[in-house]
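The model is shown first, and the look-ups follow.

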Amino acid sequence: MRWCWSCIILELSMNSRVRSLSRQYAATLRRYLVRQQEAFLQQAYELGRKAIASGLGVLDIARIHQQALASCLSRARSAEKITAVLKAAETFFMETLSPFESAHRGFCGANLELRRVNASLQRRNVELAALSRDLRRLSSQVLHVQEAERKRISRELHDEVGQALTVLNTNLGMLQRNGTVDGALLKKKIADTQMLLAQTMETVHRFARELRPAILDELGLLPALRSYLRNFAERTGLRVRFAASPEAERLNDDQKTVVYRVAQESLTNVAKHAHASRVTVSLRKVSRGLQVEIKDNGNAFEVDQQLSSEGRKRLGLLGMRERVRLVNGRFAVKSRPGKGTTVSVEIPFKAGRTEAA
């Protein structure tokens with residue numbers, strides 16, 4: 001019952017607005033037909049705007065115009081007078097409809113813009129869904145890789161460091177029991193013990209460098225990269241060329257770590273998968289920051305296919321891309337048959353507040 005009363009009240013209010021507008025329209029049209037001045041056309045335009053504000057449509061205005069025109073035509077006595085009234089009334093009516101046309105064009109423009117925004121949002125949603133899937137897969141793979149790395153370190157500590165310490169303990173125990181051992185045997189045991197200690201220390205240092213190179217914190221990015229590249233070349237037999245700008249030291253600590261890890265991961269991929277004979281690592285200043293390139297002459301691969309597949313190599317690419325993104329940098333990989341693979345990173349010097357923060 002309350003809803004019915006609301007409808008009745010709304011209809012009465014609408015009818016009241018229509019009657020009021022009809023009277024104004026008829027009066028203004030009559031004045032315009034008599035004098036046909038621009039001021040009355042302006043009033044017709046304002047009546048159209050008032051009709052829109054009152055919630056009236058084009059059909060409502062057409063009905064109001066028809067009623068007003070019929071009243072005006074009833075006073076015309078000749079065919080010429082009727083023709084003149086119809087022509088002038090058409091001009092008046094078109095001016096009244098001008099606000100409706102403007103509103104329609106605005107609506108069409110807004111609708112087109114809304115469609116563009118919706119299309120952009122749909123594309124963005126697809127990209128975000130793909131990114132979310134990538135991040136979930138990356139997180140899962142990172143956990144597996146971390147566990148595998150812990151197993152490797154545990155195994156190597158047990159096999160290398162544990163065995164070396166066991167031999168050291170055996171040698172010391174033997175020397176303690178045999179106090180009358182001859183000088184030559186004593187020297188040999190001491191030499192063996194020193195060699196085992198040196199090997200054990202080198203193993204521990206290697207673990208420390210893999211986990212976090214101290215030289216990166218103490219001396220800077222360029223000395224750390226030179227040291228790593230020298231050890232990489234000795235270990236793999238690859239020819240490594242290194243060219244760097246001193247501007248690289250302008251990066252902050254987080255950015256330097258990203259550059260070091262990207263170079264480390266890229267060179268690991270070269271050694272494992274590329275079958276290359278040489279690799280070039282370059283760091284140069286560009287207009288907005290530092291550009292890092294790791295380029296090899298090895299086998300190419302399909303970048304999109306690797307990024308959309310599973311596996312360790314994909315994890316390496318995603319991990320590098322995510323590291324670079326966290327310092328507001330740009331990451332790209334190009335790989336072509338006969339041209340090798342190039343990993344390119346650009347990091348701004350003034351990164352502002354990073355996503356990682």
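Are tyrosine 25 and phenylalanine 92 buried or exposed? I found both tyrosine 25 and phenylalanine 92 buried, where buried means under 20% relative accessible area, exposed over 50% and partly exposed in between, with a 1.4 Å probe and protein chains only.

I noted that this is a predicted model, in which local features need pLDDT of at least 70, side-chain atom pairs count only at pLDDT 80 or more, and totals for chains, interfaces and linings use all residues. Residues are numbered from 1 along each chain as its sequence is written, and side-chain values use heavy atoms, with hydrogens and water left out.

Next I searched the whole structure for aromatic pairs and found four; rings of Phe, Tyr and Trp (its six-membered ring) pair if their centres lie within 6.5 Å, and planes under 30 degrees apart count as stacked, over 60 as edge-to-face and the rest as tilted. Tyrosine 25 and phenylalanine 92 make an edge-to-face pair, 5.2 Å centre to centre with 75° between the planes. This pair links distant parts of the chain, since tyrosine 25 is in helix H1 (residues 2-35) and phenylalanine 92, 67 residues apart, is in helix H4 (residues 79-177); helices (H or I, at least four residues) are DSSP runs, numbered from the N terminus. I also recorded that ring pairs link Tyr25, Tyr32 and Phe92 into a cluster.

Why is the pair of tyrosine 228 and phenylalanine 232 stacked? Their ring centres are 6.4 Å apart and their planes stand at 25°, so the pair is classed as stacked. Tyrosine 228 is buried at a relative accessible area of 12%, and phenylalanine 232 is buried at 1%.

Notes: Helix = DSSP H or I, 4+ residues; strand = E, 2+ residues; numbered from the N terminus.
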